[in-house]
Amino acid sequence: MNKILIKKKNYKIFFSTIIKNLNYKKTNFIKNVLFNIKSNKISFISEYKRQSPYKGMYINNIKKIVKKYEILGSICLSLLNECIHFKCNFYDFFYIKKHTNLLILRKDFIFSTIHLLHSFLIGYDVLLVLSSLNLLIIKNIYTVSKKLKINIIIEIHNLKELEKIQNIRPIFLGINCRDLKNLLINKNQDNLFKKLPNNCIIISESGLNLFNHIKIFIDNNIRVFLIGDFFLNNFNFFKKIFNLLN
Ligand SMILES: O=P(O)(O)OC[C@@H](O)[C@@H](O)c1c[nH]c2ccccc12
């Protein structure tokens, strides 16, 4: 009986948060990024997770970390709602929405328009779509996302994936340096850099743990970075790199 009551209470919180989120005045992710680009500033999407499949557990405190990310000027927070590998859940999402004004990127991938609607209703601001999905599904997700005015990042790993999704002309293109099959980081993206379209905003994601690595992307005109492990492990570094680059 107790279990049922707790479940009922959780559902009540869940739905009342959804309804509240529908009334949220969404700050525009695009506007924030463009503002930083125009002011010649680097933008950071900082990630929160309790654990990662390649590093194990982090000793961290969600309250302190997300507040610091906000104070130090992250344009968005990347969150993984996955309880097995990253040990996060939807309550983290609701906590962050309630206690900060950070926009939230759903870093676990979107696989269908239903999944997109679900994320929209919960109140996510930015979503991620893998370019390895069927092209028709990607196109459908993209079309619906425009109607809902929710931002989508299409994620690629290589030239082949770039060519596949180029016709969609996404506003945001994420280059993920990590090969998800073997979790290795590919720092040599030269052939990709030469072909990047200049009418979209490129976001460099994952495995960025050296200033020189970030610098290579900056030299190739990339101004937005998604960083998890590096900031979570070395919080002072966030402050340093932020001041250094801006
Ligand atoms: O912590 P990093 O190296 O800055 O990477 C962030 C993000 O890409 C990572 O947390 C992640 C997201 N999805 C994954 C799937 C597998 C391995 C890692 C990931």
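**Entry 1: the model.** I am working with a predicted model.

**Entry 2: the annotated stretch.** I looked up residues 116-138 first. UniProt, in an unreviewed entry, lists them as "transmembrane region". I then checked the fold there. Over residues 116-138 the chain is 48% helix and 22% strand.

**Entry 3: strand β6.** Is β6 mostly covered or mostly open? I found that β6, residues 126-130, is mostly covered. Four of its five residues are buried.

**Entry 4: the partners of β6.** I took β5 next, which spans residues 104-106. Strands β5 and β6 run parallel and are joined by two bridges. R106 stands opposite L127 in β6. Then I turned to β7, residues 151-156. β6 pairs with β7 in the parallel sense, over five bridges. L130 has E155 in β7 as its bridge partner.

**Entry 5: the crossovers.** How does the chain get from β6 to β7? I followed the chain from β6 through helix α6, residues 135-148, to β7. This β-α-β crossover is right-handed. I also traced β5, helix α5 (residues 113-122) and β6. They make a right-handed β-α-β unit.

**Entry 6: the ligand.** Which residues come nearest to the ligand? There are 17 residues around the ligand, and S206, G207, I227, G228 and D229 come nearest. I sorted the shell by residue type. It divides into seven nonpolar, four polar and six charged residues.

Methods. Residues numbered from 1 in each chain as written. Predicted model: local features only at pLDDT ≥ 70, side-chain atom pairs only at ≥ 80, totals over all residues. Near = placed C-beta within 6 Å. Nonpolar A, V, L, I, M, F, W, Y, C, P; charged D, E, K, R; others polar. UniProt positions renumbered as here; feature names shortened; annotations may be inferred. Buried ≥ 20, exposed ≤ 12 C-beta atoms within 10 Å, placed from the backbone. Pairing = 2+ DSSP bridges. Right-handed = clockwise from strand over helix to strand, strands pointing away.
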